[in-house]
Amino acid sequence: MAGNRHSIYDTFFANRITQLKAEGRYRTFVDLERQVGKFPTALYRGPEGTRSVTIWCSNDYLGMGQNPKVLLAMHTAIDRYGAGAGGTRNISGTTHAIVEIEAELADLHRKPTALIFSSGYIANEAALDVLARLLPNCVIFSDAMNHASMIEGIRRSGCEKRIFRHNDIAHLESLLRSVDPDRPKLIAFESDYSMDGDTAPIKAICDLADQFHALTYLDEVHAVGMYGPRGAGVAARDGVMDRIDVIEGTLGKAFGLSGGYIAASATICDAVRSYAPGFIFTTAMPPAVAAGALASIRHLKLSENERTLQQTHTAYLKAQLNAVGLPQLPSTTHIIPIPVGDPLLCKAAADRLLHHHGIYIQPINFPTVPRGTERLRITPSPLHDQAMIDALVAALQEVWGHLRIADTLNKPKAVG
Ligand code: PLP
């Protein structure tokens, strides 16, 4: 390789970025400034200056990132404990706020123990890797739509895996049946799938787990805080939480903070705590984040207000979209995906919403969703009001008409 060492390597990376751009998959970030008390509006800093926009794609589903009790808990924790945890959990980082939040999460899910990670992504990656790796000759059964973090944990474990068609119980059963009954088995799935907004048949999967003696691992990242008594999730709502061996969740979505966790038996949590590099070798959660999350969980355990309002707004938006004939995927949850079916058009729609209508919705393209299923993913919160919903629907209609999206969606796809 001759020439300037730095620029030669840079060219490789630049070429790959050019490729992404050509495929319409290049991601741009929208520079936003959320302002206390004003969510879901925020300041957008764009090339044409700063303007106020309405956020319609936040995973702070209940606006808890702005809740005064949460903010107060965080301010108090900083004044009391300072900023950082001071080290890994093993070395100086197990602060009291983290011990408290683990107890609160164990109680939320009615499990003996919970274990905090720096994110939901790391929780999945670390826990699935360790659990499958420690079980001799384990086979993992994984839903085809599982999140990247679960796929990565499964890959790291090195275990044999069988992918079952999304939410397809008959397929899962046939795969379970095809494996030696004496081998350890783990079924990994999600409760709410965040890109389609559909829900897993949790009870039927638990029935199969009983029949085939499999461990159940359920990602409730998009459901904790949102569903069930005390916001414990969909398994709690469906009355099957005690049949799930490992519940994995996040503090970064409905709880409005950051961090991930598993709740499970003391032995399972101890095994993950003891063997997972992603848990062991990283600085612990800052106490103020733990304190904020603790306040958020405690609030949502007692208050139904946020969940009720959120569901009312979701139902209203779905009905309004239907009324004006805009398409939506058949969501059973608070997530409303609007199909566009083309990456460039999806980006163009998001750009027009932002620049002409002051509405921020991030386009969802491959690899987050399969090619040809690009979409806008809308998440109403309790803090959006009816006027905002009506304005959103009118803006979507204008953009759909302007970009002729319906024509593209209805165009027959090339075969071959
Ligand atoms: N699991 C699922 C299903 C997710 O969608 C996500 C993130 O969007 C994660 C896990 C990761 O959670 P976190 O954002 O806390 O890292």
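Biologist: Where is Arg-110 found?

Modeller: Arg-110 is found in the loop between α4 (96-108) and β4. Helices (H or I, at least four residues) and strands (E, at least two) are DSSP runs, numbered from the N terminus.

Biologist: What should I know about the model itself?

Modeller: This is a predicted model: local features need pLDDT of at least 70, side-chain atom pairs count only at pLDDT 80 or more, and totals for chains, interfaces and linings use all residues. Residues are numbered from 1 along each chain as its sequence is written, and side-chain values use heavy atoms, with hydrogens and water left out.

Biologist: Back to Arg-110. What is its phi?

Modeller: Positive, about 50°, although Arg-110 is not a glycine.

Biologist: Is Arg-110 buried or exposed?

Modeller: Arg-110 counts as exposed because its relative accessibility is 59%. The cut-offs: buried is under 20% relative accessible area, exposed is over 50%, and partly exposed lies in between (1.4 Å probe, protein chains only).

Biologist: And what is phi of Asn-137?

Modeller: Near 60°, again a positive value in a residue other than glycine. Asn-137 lies in the loop between α5 and β5 (139-143). Asn-137 has a relative accessible area of 53%, so it is exposed.

Biologist: New topic, the ligand. Which residues come nearest?

Modeller: Gly-120, Tyr-121, Asp-219, His-222 and Thr-250, out of 14 residues around the ligand. A residue is near if one of its heavy atoms lies within 4 Å of the molecule.

Biologist: What does Asp-219 do with its polar side-chain atom?

Modeller: That atom lies 2.6 Å from a nitrogen atom of the ligand. His-222 places a polar side-chain atom 2.6 Å from an oxygen atom of the ligand. Gly-120 works through the backbone: an N or O atom there is 2.8 Å from a ligand oxygen atom. A polar contact is a pair of N or O atoms within 3.5 Å; within protein, one must be able to donate a hydrogen and the other to accept it, and residues adjacent in sequence count only if both atoms are side-chain atoms.

Biologist: How much of the ligand does the protein bury?

Modeller: The protein buries 82% of the 390 Å² that the ligand exposes when taken alone. Those areas come from the Shrake-Rupley method with a 1.4 Å probe.

Biologist: Which helix gives the most to the shell?

Modeller: Helix α5 (residues 120-134), with three residues.

Biologist: What is the shell like by class?

Modeller: Two nonpolar, nine polar and three charged residues. Ala, Val, Leu, Ile, Met, Phe, Trp, Tyr, Cys and Pro count as nonpolar, Asp, Glu, Lys and Arg as charged, and the others, Gly among them, as polar.

Biologist: Rings next. How many aromatic pairs does a search of the whole structure find?

Modeller: One. The ring centres of Phe-117 and Phe-279 are 5.5 Å apart and the planes are at 75°, so this pair is edge-to-face. The rule: rings of Phe, Tyr and Trp (its six-membered ring) pair if their centres lie within 6.5 Å, with planes under 30 degrees apart counted as stacked, over 60 as edge-to-face and the rest as tilted.

Biologist: Where in the chain are Phe-117 and Phe-279?

Modeller: Phe-117 is in strand β4 (residues 113-117) and Phe-279 in helix α11 (residues 277-280).

Biologist: Where does the charged end of Arg-371 sit?

Modeller: Over the ring of Phe-366, 4.0 Å from its centre. Lys-21 has its charged end over the ring of Tyr-26, at 4.5 Å from the centre. Here NZ of Lys or CZ of Arg must be within 6 Å of the ring centre and within 35 degrees of the ring normal.

Biologist: Stay with Phe-366. What kind of peptide bond joins Phe-366 and Pro-367?

Modeller: A cis one, omega about 10°. Pro-367 is in the loop between β15 (363-364) and β16 (375-378). Phe-39 and Pro-40 are also joined by a cis peptide bond, with omega about 15°. Pro-40 lies in the loop between β1 (32-34) and β2 (41-46).

Biologist: Last one. What does the side chain of Glu-102 reach?

Modeller: The backbone nitrogen of Ile-116, at 2.9 Å. Glu-102 lies in helix α4. Its relative accessible area is 11%, so Glu-102 is buried.
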